[in-house]
Amino acid sequence: MAAPPTQPPAQRKVIHVDMDAFYASVEQRDDPSLKGRPVAVGGSRARGVVAAASYEARAFGVRSAMPSVTAIRKCPDLVFVPPRFDVYREVSDRIRAIFADYTDLIEPLSLDEAYLDVTEDIRGLGTAAAIAEEIRARIKADTGLTASAGVSYNKFIAKLASDQNKPDGICIITPKRGAAFVQSLPVKRFHGVGPVTAQKMERLGILTGADLYDMTLAFLQAHFGSYADYLYGAARGIDHRPVRVNRAAKSVGAERTFETNLTTAEDLRAALHRVADAAWVRIERHGTRGRTVTLKLRHADFRTITRARSSQAPVTDKTAFLSAGLDLLMAQLPVPDGVRLLGLTLSGIMGEDDEIQPSLL
């Protein structure tokens, strides 16, 4: 006897909420003298790396992860402020409490952005767009900050849409418009397509979603391997990934940029102790364990290396975590040119049932 036909899954309604220049906006909110000025969170005028930039700073080309010296060249009037992650997390918790009034299906990506599945309209607002607008209004009233939102039928397009009308904007992409919207955009904007892959695509003549749409699946498999299916679907506005509650982080850690380059083994060991302390706090907060410890080391000339060590059993305490990091660090000595950044992370923490997100470098 033939099995009865299965019903197609219900059309999802997904919102991607993205706070506008979150860290910098918090600083401008809390210090009125910074309003309207180009602000960089993190780093200093002498050294370090920009963690976040206000829109006034972005107008000069200042971006996150940019060395402070480069940022100053682009924007001589740039104001640096130290990060206050405890404040950012407190604000983020308030925002997530607002999300929870509209759905239990919340997938945070970071402190300042999250996916919400609002297929079930539990407050009876009628549309996903109405839900997104009410959430944005409540965030502004409760925190004094603005958020942008993308509303669509899947995560891929919702994330693209949230960036479309920034800052303080909303973009709604219906299923009928999905494929055309994606095909109108440059592929370098696609979530999961990093600079290296974007350059490879450009060499292959793929600059836009429309160019990607014209490629056969076989062509994409030949050039992009296991990511071909993702790219092929993306070009057609297709993304079946669900909003995943409590998604496990792939890695958790911390890094620090130093005011002066560190050259001695004693100074480097002491610095790694501090980095490991900060990282372990985050690891405990996430409640995660992993098998791979990775050291990140940036030399004075910005040359960056990573070294990793994996164990058969999970790393379950800070002593083992630090010990692995110190072994990796000592293997890199001496460093006569000096070290400007150290990082230490724990990874390999995803369970067998966790979703692997596309990550094209």
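**Exercise 1.** Which residues form one aromatic cluster with F22?

Solution. In this predicted model, F22 belongs to one aromatic cluster together with Y23, F85 and Y88.

**Exercise 2.** Classify the pair formed by the rings of F156 and F190, and state which parts of the chain the pair ties together.

Solution. The structure holds 8 aromatic pairs. For the rings of F156 and F190, the centres are 5.3 Å apart and the planes stand at 85°; since planes over 60 degrees apart count as edge-to-face, the pair is edge-to-face. As to accessibility, F156 is buried with a relative accessible area of 2%, and F190 is buried with a value of 3%.

**Exercise 3.** Carry out the corresponding analysis for F156 and Y230.

Solution. The ring centres of F156 and Y230 are 6.2 Å apart and their planes are at 85°, so the pair is edge-to-face. Because F156 lies in helix α6 and Y230 in helix α11 (residues 228-234), the pair ties together parts that are 74 residues apart in sequence. Both F156 and Y230 are buried.

**Exercise 4.** Describe how strands β10 and β11 are joined, and identify the bridge partner of V293.

Solution. Strand β10 (residues 290-299) runs antiparallel to strand β11 (residues 304-315), and 8 bridges join them. Within β11, R309 is the bridge partner of V293. The hairpin has 4 residues between the strands, and F302 takes a positive phi near 75° there.

How values were computed: Residues numbered from 1 in each chain as written. Predicted model: local features only at pLDDT ≥ 70, side-chain atom pairs only at ≥ 80, totals over all residues. Heavy atoms only, no water. Pairing = 2+ DSSP bridges. Helix = DSSP H or I, 4+ residues; strand = E, 2+ residues; numbered from the N terminus. Phe/Tyr/Trp six-rings, centres within 6.5 Å; stacked < 30°, edge-to-face > 60°. Buried < 20%, exposed > 50% of the residue type's maximum accessible area, 1.4 Å probe, protein only.
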